[in-house]
Amino acid sequence: MRTHLDDEKNSKSRVLYKGFITLTEEDIPTSKGPYPYVTIHTRPASVIIIPVRSDGTWLVTHEYRHSIHHSVFSFPGGLVDEGEEPQEAAKRELLEETGYTSDHFTLLGECFPLPGLLDQKMSVFVASDIAFSHTPTFHEVETISFAFHSPEEVCRLFTTAPDIDAMAL
């Protein structure tokens, strides 16, 4: 059975914007004519980390996100740098955003967080037995705070708070 995905490989991509991200538009053939489809391209990989202390509590971040003009609850995470493995990025992001370290990272899985618009794959890790190393130093546009919660409190927070980063779910 032939689908529009078979024809999509033959579509021509136009660059709309190129900078930190690249926006492209492709005309996807449909029975009603070309359908313009926009894709956001960033670095191809990202990570999110669920940090767990030895007492079983989880670290949850509260980070200001300029695109929505307020803060959201989430877990630490970020982009994988070129030449960096996802686990290395997870260690780096945990330290940069929280000041905590861990020698025990477990990959829970990988997913595409927003495949309708974004071509990025995200690796989800649990960092167990985290230990405080130093006060984090943020990029000047980052505002991040964090607190520890029991797993039950995290589930309650992520199902009742109005402002959750969906990538943490």
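Modeller: This is a predicted model, in which local features need pLDDT of at least 70, side-chain atom pairs count only at pLDDT 80 or more, and totals for chains, interfaces and linings use all residues. Residues are numbered from 1 along each chain as its sequence is written, and side-chain values use heavy atoms, with hydrogens and water left out.

Biologist: What makes strand β5 and strand β6 a pair, and in which sense do they run, parallel or antiparallel?

Modeller: Two strands pair if DSSP finds at least two bridges between them. Strands β5 (residues 58-65) and β6 (residues 70-74) have five bridges in the antiparallel sense, so they meet that definition. Strands are DSSP runs of E with at least two residues, and helices are runs of H or I with at least four, numbered from the N terminus. Arg65 stands opposite His70 in β6.

Biologist: Which residues of helix α3 are called buried, and why are they said to line one face?

Modeller: Buried means under 20% relative accessible area, exposed over 50%, and partly exposed in between, with a 1.4 Å probe and protein chains only. In α3 (residues 151-160), Val154, Leu157 and Phe158 are buried. They line one face because, seen down the axis, they fall within an arc of 90 degrees, taken from the directions from the helix axis to the C-beta atoms. On the other side of α3, Glu152, Thr159 and Thr160 are exposed.

Biologist: What makes the lining of the second largest pocket nonpolar by class?

Modeller: Ala, Val, Leu, Ile, Met, Phe, Trp, Tyr, Cys and Pro count as nonpolar, Asp, Glu, Lys and Arg as charged, and the others, Gly among them, as polar. That lining has 15 nonpolar, no polar and no charged residues.
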